[in-house]
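Open the model in your viewer and keep the selection tool at hand. This tour goes stop by stop.

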Amino acid sequence: MSNMDESIPDYKHYSLAELLEAKSTIDKEAFPERLAIIEQCIAQFDTHSAAQQNASENAPPAKALRSVPVRFLGNGREFFNIWIVNLLLTIATLGIYSAWATVRNNRYLYSNVEIDGHRMSYLATPKQILIGRAIGVLLFASYYVLSVLSPLLSGLLLLLLFALTPMLVCMSIRFRMRMTGYRNVRFGFTVRYGRAFVVFVLYTLLALITFGILYPLLFKKIDEFIYENMTYGDAEFETDLSTGEYFLATIAAGVIAGVVIALLFGVSIGAGAAAFSSADDAKPISQFFIIGMLLLYMIALAISSSFYKALIRNHIFTNTQIRNVARFDSKVSVMGLIYLRLTNLALLVCTLGFGMPWIKVRSARFFARATTVEVLPGYEEVIASAEESANAIGDEVSSVFDVDVAIG
C-alpha cells in the first residue's frame, strides 16, 4: 500500500454526520480515493438506517427509563457581575472584547442548565466568535462602500447575500449546535445546502408573492429543516410538525395583535386629545405621545408573540425526539409567558437596559420549568459511543467551518 493510502483516515469509525461533512469539504479532484471510501461508508449507513426505520415502524414506542425536569440554577446578581464587566470591557476595546464577552455570558447561562443531574456546556472560543463577526462586518462594510460607489453594484451584492443566506444560516446553526455539549457529547447539525436554499429562498419568495398568506408554511418549513437536521452525538432528531398548528398560531397571534393595538390606540388617542386640549405648549406632550405609542406597540407585540411562541414551542417539543435517546415535553402557559414578557419589558425600560441580566435569567428559568425530558434506553449508548470514538474524529476536517457568521 502506498504512503498516500496509509494517510487515509479510518472513515469506518465516522458518524453519518461526520461522513457527510467530510464529503462536503473534501477536494474531490485531489482525493478521489477518499471520496469513494466516504461514499461507500455513507451508503452502508443508508442501508443500515433503512433497516432500522423498517424495524422501528413496526415496533412500539420505546418505554422511558425516567422523566426528568429541566432546571436553571443561575441567578440575576451573579450574572449581572459577569455581564457588566463584559459590557465595560467591550466599550473600552471598541467592541473587540465582545467575542470574549459572548463566550463568558454563554458559558454562565449554559452551565446553569441542569438535566438529569448533569449540566450543559458551551464549547466555543472567542477566536471563533471573532472570526464570524469579522465576516459579518466585512459583508456590511462591502455593502456600504458599494452603495456609495455604485447603487447597481450594491444591489447586486444584496442579491448575492440573499442567495447566500441558506449557506450563512446553515453555518450559524451548525456552529451553535457544535458548540453545545451535554455529558461530553456535542450536538450537531447536518448541513444540506440544497434543501436550505429551497426553504430560505424559494419558500420566502412564495410567502412574499402570496402577500404573507403562506408565512405560516414558511415558519413551519424553517423549524422542520432545523430540527430534522440536528443530532446528538450519532443520534438523530426526529420531528413531525403540523402545518395546521402554524396557521392557527399565526392567525390567532395576528388577530390578538390587531385587537390589542386597536384598543391601546383608542385609549391613547383619547388621552392625547384630552392632554392637548388642556395644555398651552403641545410640543412636550407630542413627544411623550410618540414615546407612549411606541411602548404601546411593544406591548401589543409582546402579547401576540407570546401567544405564538407558547403554542409553537409546545407543539415542537411534543412532536420532537432524539431517536431512542430522549423525548421532550413543553407546557408553556400563554398567560405566564405574556406576564413574563411584559414585566421584562418594564424592567428593561425602568433600568435603562441594565436589567438585561435579570431578564435573561428570568426567561431561562421560566422555559426550564416548563420543560421535561423523558430519558429513553439508548441514552447511555450515545454517551459510551462518543467516549469510544472521541480520538477517531477528524478534527482537522470538522473544525474548518466552526465560526459563528453574524447574520443577526
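The stops below cover confidence, the core, salt bridges and cysteines.

**Before you start.** This is a predicted model: local features need pLDDT of at least 70, side-chain atom pairs count only at pLDDT 80 or more, and totals for chains, interfaces and linings use all residues. Residues are numbered from 1 along each chain as its sequence is written, and side-chain values use heavy atoms, with hydrogens and water left out.

**Stop 1: confidence.** Colour the chain by pLDDT, the predictor's confidence in each residue, from 0 to 100. The mean is 82, and 78% of residues reach 70 or more. Select helix α13, residues 356-369: confidence is highest here, at a mean of 97. Now select helix α15, residues 395-398, where it is lowest, at 32. Helices (H or I, at least four residues) and strands (E, at least two) are DSSP runs, numbered from the N terminus. Next, take residues 1-6: pLDDT is below 50, with 2 contacts (heavy atoms within 4.5 Å) beyond near neighbours in sequence. Residues 387-408 are also below 50, but that stretch has 45 such contacts.

**Stop 2: the core.** Select F225, Y232 and V325. These have the most contacts inside the largest nonpolar core, which has 38 residues. Such a core is a set of buried Ala, Val, Leu, Ile, Met, Phe, Trp, Tyr and Cys residues joined through side-chain atoms within 4.5 Å. Buried means under 20% relative accessible area, exposed over 50%, partly exposed in between (1.4 Å probe, protein chains only).

**Stop 3: salt bridges.** The structure holds 11 salt bridges, each a side-chain nitrogen of Lys or Arg within 4 Å of a carboxyl oxygen of Asp or Glu. Select R66 and D116, whose closest N and O atoms are 2.7 Å apart. R66 is in strand β1, while D116 is in the loop between β2 and β3, 50 residues apart. R66 is partly exposed at 33%; D116 is too, at 22%.

Move to helix α9, residues 215-228. K220 and E224 lie there, 4 residues apart, about one turn of the helix. Their side chains meet at 3.2 Å, N to O, and both residues are buried.

**Stop 4: cysteines.** How many disulfides are there? The count is 0, taking pairs of cysteine sulfur atoms within 2.5 Å. Select C170, buried at 0%, then C350, exposed at 67%.
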